[in-house]
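Q: Could you walk me through how to read aromatic pairs and nonpolar cores in a protein model?

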Amino acid sequence: MSLSKLHEEIDRSFGDGPEHRPVENRIAAGHRALRRRRAAEAVAALAVVGIIGAGWYAVAPGQPVGTGPIAVNPTPTPTQEPELPWEDDIPVRYVDGELQIRDGVRVHEHIANPYDYRPPKLSDAFDLTYEGQRQWVIIDGKGGSFGMSSSAPSNGWASFADYVADQVDGMSGGDDGWPDTLLLDVSGNVVPTAGTTVHNRTDDPRLGPSFAPAGTPTGAAVVSVEGDDKSYFVVWRVIDGELDVITTPPRDVVGATFEELLSYARGKYASGEGLR
């Protein structure tokens, strides 16, 4: 099948990828910018670049779970005060996957999951007052730790929504919005995650040096995820012990054989454009 024919078949897709949840206009604008950045940049680690005027903290209270869709809640209900002592100057935190709000904190506005993370990652944004000081705060967490950034209100932003949208816009890397389908096991092998089915696979996709240096472990596969009726074409590379998985939209898999998808990917990387 020619590449032009493949493009025509790609256009006749059966899905548009993960649905985007409705948000307020300013937050939606930030999400669109974030997705554009995610389409062009590699997945980064949880630690993100600190914001001017922001402070970062890390604790290890427990194993977080996911948050719900973005929503604006004027007065979220704090959980019961735990025995675990609070760090100085931290008004909110995650403990065992639950959001906790410190006694004495007054919440003016709360936006759930501004980064649009998938579980088990967490994120929340707050307009709050703590110890007499008004703050705009964003907190995110994964793997038993969390980070928090804060700013004085109106420090370069017209509103709290503008502040949150700007942080989302500036957030490169992180969760890319696609399901986690592959992982590195303890032996360094690339294996499917729980609930993932591999339909086709090769560990020699021959995507060229623009994708990975010679000798780098690489691969490609068509996979599906339990509870999702779409299929995904993924390519991966393991560099410095880190697995980097690149997932293409489900619509790009429709009507193409595995060999056609590999040929398409090879052409993309030969041109220098790539699949991101």
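A: Rings of Phe, Tyr and Trp (its six-membered ring) pair if their centres lie within 6.5 Å; planes under 30 degrees apart count as stacked, over 60 as edge-to-face and the rest as tilted. A search of the whole structure turns up 7 aromatic pairs. This is a predicted model, in which local features need pLDDT of at least 70 and side-chain atom pairs count only at pLDDT 80 or more, while totals for chains, interfaces and linings use all residues. Residues are numbered from 1 along each chain as its sequence is written, and side-chain values use heavy atoms, with hydrogens and water left out.

Q: What geometry do Y94 and F146 show as an aromatic pair?

A: A pair of aromatic rings is described by the distance of the centres and the angle of the planes. Y94 and F146 are edge-to-face, at 6.3 Å centre to centre and 90° between the planes. Y94 sits in strand β2 (residues 92-95) and F146 in strand β7 (residues 145-151), so the pair links distant parts of the chain, 52 residues apart; strands (E, at least two residues) and helices (H or I, at least four) are DSSP runs, numbered from the N terminus.

Q: Are Y94 and F146 buried or exposed?

A: Buried means under 20% relative accessible area, exposed over 50%, and partly exposed in between (1.4 Å probe, protein chains only). Both Y94 and F146 are buried.

Q: How is the pair of W136 and Y163 arranged?

A: W136 and Y163 form a tilted pair, with 5.6 Å centre to centre and 40° between the planes. Because W136 lies in strand β6 (residues 133-142) and Y163 in helix α3 (residues 160-170), the pair ties together parts that are 27 residues apart in sequence. Both W136 and Y163 are buried, and ring pairs link W136, F160 and Y163 into a cluster.

Q: Which residue lies over the face of W86?

A: A charge sits over a ring if NZ of Lys or CZ of Arg is within 6 Å of the ring centre and within 35 degrees of the ring normal. R93 lies over the face of W86, 3.9 Å from the ring centre. K121 lies over the face of Y117, at 4.1 Å from the ring centre.

Q: Which residues touch the most other members of the largest nonpolar core?

A: A nonpolar core is a set of buried Ala, Val, Leu, Ile, Met, Phe, Trp, Tyr and Cys residues joined through side-chain atoms within 4.5 Å. In the largest one, with 17 residues, they are F211, F233, V235, Y269 and L275. Its largest share, 6 residues, comes from α4.
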